[in-house]
Amino acid sequence: MANFIKSDLEFILQQILIAEANANGEDLLSLLPNTLVPFGLRTVDGSFNNLLTGQTEFGAADNTFPRLLDPVFRPAEGGTSYTQTSGMVIDSQPRTISNLIVDQTITNPAAVQAFVDAGMGVLADGSQQDAGGIAFPVGTLLDLDGNAIPAGQSLFIPNTAPDEGLSAPSTAGSPSSASSSTTASTWCRRAAAGWCSFHCSRTIR
């Protein structure tokens with residue numbers, strides 16, 4: 001169980017006060033030092049998630065996301081299509097991409113490549129042999145000891161942040177932080193009516 005220090009609680013309170021003032025009619029931009037700070041609380045419908053001029057409805061409910069290319073809606077099944085604006089769209093495999101993302105076994109080529117790229121294993125090139133002296137088929141995934149990884153076994157793939165090397169590191173390991181500190185990357189807490197908090201990074205001790 002995390003113990004919040006006083007500065008954490010003060011920060012949370014400030015976000016609630018900003019949201020209450022905005023809910024009472026004050027202009028949100030007048031309550032913030034600039035449009036980029038992660039201050040205040042998030043509205044349930046997503047409005048004012050983006051505070052740049054003309055973009056306050058970006059990402060809000062019932063709004064079309066800005067498009068960089070012309071949309072292409074493919075046909076579905078049973079005579080239905082993703083061009084529909086009402087009714088049901090029949091698609092027997094709507095989660096293909098999600099399933100590939102969560103599938104960390106050798107049945108997923110992307111997982112295998114990530115495993116190899118991370119230096120956790122190699123793909124047989126025909127020169128590697130099993131204990132009986134028989135060459136592994138080309139493309140067989142081997143661990144670092146030269147053993148074939150069985151089908152269905154989950155692969156350990158190191159989690160690398162997409163902004164690695166671009167963003168400043170967490171303060172959780174800084175000298176000013178207790179060794180037991182952890183960083184809450186995102187916290188979301190219901191507060192004033194219809195609001196929940198912006199994501200923020202705070203150190204919890």
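**Terms and their grounds**

Reply: The largest nonpolar core consists of six residues: Ala-111, Val-112, Phe-115, Leu-141, Ile-149 and Leu-155. Three of them, the largest share, come from helix α4 (residues 109-117). This is a predicted model, in which local features need pLDDT of at least 70 and side-chain atom pairs count only at pLDDT 80 or more, while totals for chains, interfaces and linings use all residues. Residues are numbered from 1 along each chain as its sequence is written, and side-chain values use heavy atoms, with hydrogens and water left out.

Me: What makes a set of residues a nonpolar core?

Reply: The members must be buried Ala, Val, Leu, Ile, Met, Phe, Trp, Tyr or Cys residues joined through side-chain atoms within 4.5 Å. A second, separate core of five residues includes Ile-18, Leu-28, Leu-32 and Val-37. In soluble globular proteins, nonpolar side chains tend to be buried together.

Me: Which residues does Val-112 touch, beyond those up to four places away in sequence?

Reply: Val-112 touches Thr-105, Ile-106, Leu-123, Leu-141 and Leu-155. Contact here means heavy atoms within 4.5 Å.

Me: Why is the pairing of Asp-91 with Arg-74 called a salt bridge?

Reply: A salt bridge requires a side-chain nitrogen of Lys or Arg within 4 Å of a carboxyl oxygen of Asp or Glu. The closest N and O atoms of Asp-91 and Arg-74 are 2.8 Å apart, so the pair meets the rule. Both residues lie in the loop between β1 and α3, 17 residues apart.

Me: Is Asp-91 called buried or exposed, and how do you know?

Reply: Buried means under 20% relative accessible area, exposed over 50%, and partly exposed in between (1.4 Å probe, protein chains only). Asp-91 has 16% and is therefore buried. Arg-74, at 45%, is therefore partly exposed.

Technical notes
Helices (H or I, at least four residues) and strands (E, at least two) are DSSP runs, numbered from the N terminus.
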